[in-house]
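Subject: Structure handover

Hi,

Here is the structure for you to look through. My notes follow below it.

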Amino acid sequence: MQGAASQVSDPTRAPASWPVRRIPTDPQDGAPEQGLALCLSGGGYRAMLFHVGALWRLNEGGYLPRLDRISSVSGGSITAGVLGLHWPRLAFDADGVAQRFGREVVAPLRRLAGVNVDVWASLRGLFGFGNASAVVIAAYRRYLFGHHTLQELPDRPRFVINATNVQSGVLWRFSKPYAADYRVGRLDRPTIELAVAVAASAAFPPFLSPVVLTRAPGDLVSETGNDLHCPPYTTRIVLTDGGVYDNLGLETAWKRYQTVLVSDGGGHTSAEPRPRRDWLSQSRRVLDLIDSQVRALRKRQLIEGYQAGLRAGAYWGIRTNIADYGLAETLPCPFDKTKKIAAIPTRLACMDSAQQERLINWGYAVCDAALRRHVDARLPLPAAFPYPSAGVG
């Protein structure tokens, strides 16, 4: 079972069973408000395009303007950032369907997916020719965001782009009203560039990390519980990939809203009979193992939360077997083929057109199955994939 749609029976019970942790600034009753949140996981270009497919299907169902919050990490933040920046130009019709979704969202993300970013960034950082994150920020400026800032995101839905604060060890949230860390403080109405926020959220360690924000003393407002509200925490903020802390982007969605949709484009660490012994390869291998295990734990707790009635919603993942939804009809997605899609490495490396289209098709198909099984059984089966000739392989 990949998710469940049900009413909350006791929203205050068993916080230990949540797929997120409580923090001192959270409401103590834990009661969610009525509303719909969407979480977009990390996973490089693989996740970025998988989420494009999911958004494509959500758009067809008229779900995009119904969203109250979009919470993202890492590769999912690339997709979310483009969606948020272009939101005013999507041209929603009376049914809530964005008529310019392909032009405003799909096209720029596919263009970026045809560009190698992480190779040059990693080499620059590895051989001491500057900060790797600067290369990534420059690429995001060139292909996606220009110098547009968080202030150009819509008021609704609230876009929350999540990074991890290396200094405080907790989540750093970028949004239009504020950027904040509950231990360090809050920066109101931030004019931080989207390219910088997304690069911080997708600063995959060890190669593309960190992204450093410099602020003047007094820029960050102190709130109750900010035990680290002092320099250098408030003046030189060191950020890494949001997936280090919350690899599904759940934190800011689960605690706030009753209905939570989760799109998971994260990878899986397979067995390796002869792991390399140099420190760089070992570091990457160990980080991948940690991410895989934490993701599996969060996913299990998430689905148990649905089943227990703590939240309504649905989960779909790039490694899901579409047959597990138990639907009479789905788009044709043989598990042996979708497993190959899920095995695409977590990279910001150039993808050919066919691979891009298969990823989008798979995200579209599995999102459709999750929605029809757990959210709205009245949704019709789509007639075809977004790219019918590509299928899923």
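Start with helix α1, which is mostly covered: 16 of its 17 residues are buried. The helix runs over residues 44-60. From its first C-alpha to its last it reaches 25 Å, close to the 24 Å expected at 1.5 Å a residue. G62 follows α1 and has a positive phi, near 75°.

Please keep in mind that this is a predicted model.

The chain as a whole

The chain has 393 residues, and 56% of them count as buried. Its secondary structure comes to 10 helices and 10 strands.

Two helix pairs

Two packed helices are described by the angle between their axes and the distance between the axes. I have both values for two pairs.

Take α2 and α3 to begin with. Helix α2 covers residues 75-86 and helix α3 covers residues 101-113. They pack at about 140°, and their axes are 9 Å apart. How do the two helices lie to each other? The cut-off for roughly antiparallel is over 145 degrees, and the angle here is about 140°. The pair is therefore oblique. Their crossing is right-handed. On the α2 side, the residues that meet α3 are I78, T79, V82, L83 and H86. On the α3 side they are E104, V105, P108, L109 and L112. By class, this contact has 7 nonpolar, 2 polar and 1 charged residues.

Now α5 and α6. Helix α5 spans residues 132-145, and helix α6 spans residues 194-201. The packing angle is about 125°, with the axes 9 Å apart. That angle makes α5 oblique to α6. This crossing is right-handed. From α5 the contact takes V136, I137, Y140, R141 and F145. From α6 it takes L194, A195, V196, V198 and A199. The class count is 9 nonpolar, no polar and 1 charged residues.

Backbone points to check

Most residues other than glycine have a negative phi, and most peptide bonds are trans.

Two of them are peptide bonds:
- S209 to P210 is cis, with omega near 0°. P210 sits in the loop between α6 and β7, the latter being residues 211-214.
- P231 and P232 are also joined by a cis peptide bond, with omega about 0°. P232 belongs to the loop between β7 and β8, where β8 is residues 236-240.

The other two are phi values:
- S74 is not a glycine, yet its phi is positive, about 55°. S74 is in the loop between β2 (69-73) and α2.
- A91 also has a positive phi, near 60°, and is a residue other than glycine. Its place is the loop between α2 and α3.

Are these two residues buried or exposed? S74 has 3% relative accessibility, so it counts as buried. A91 has a relative accessible area of 33%, so it is partly exposed.

Contacts across the sequence

Which residues does A370 touch, beyond its neighbours within four places in sequence? They are A314, Y315, W316, Y325 and V375. A370 is in helix α10, residues 353-374. Its relative accessible area is 0%, so A370 is buried. A370 and I322 are 48 residues apart in sequence, and their C-alpha atoms are 8.7 Å apart in space.

P32 is the other residue to look at here. It lies in the segment before β1, which is residues 33-40. P32 has 16% relative accessibility, so it is buried; the cut-off for that is under 20%. How far apart are the C-alpha atoms of P32 and Q258? They are separated by 5.2 Å, while the two residues are 226 apart along the chain.

Best wishes

How values were computed
Residues are numbered from 1 along each chain as its sequence is written. This is a predicted model: local features need pLDDT of at least 70, side-chain atom pairs count only at pLDDT 80 or more; totals for chains, interfaces and linings use all residues. Side-chain values use heavy atoms; hydrogens and water are left out. Axes are lines fitted to C-alpha atoms, for helices over the stretch in contact, and angles run from 0 to 180 degrees between N-to-C directions. Helices (H or I, at least four residues) and strands (E, at least two) are DSSP runs, numbered from the N terminus. Angles under 35 degrees count as roughly parallel, over 145 as roughly antiparallel, 65 to 115 as roughly perpendicular and the rest as oblique. A crossing is left-handed if the near helix is turned anticlockwise from the far one by less than a right angle, and right-handed if clockwise. Contact means heavy atoms within 4.5 Å. Ala, Val, Leu, Ile, Met, Phe, Trp, Tyr, Cys and Pro count as nonpolar, Asp, Glu, Lys and Arg as charged, and the others, Gly among them, as polar. The expected span of a helix is 1.5 Å times one less than its number of residues. Buried means under 20% relative accessible area, exposed over 50%, partly exposed in between (1.4 Å probe, protein chains only).
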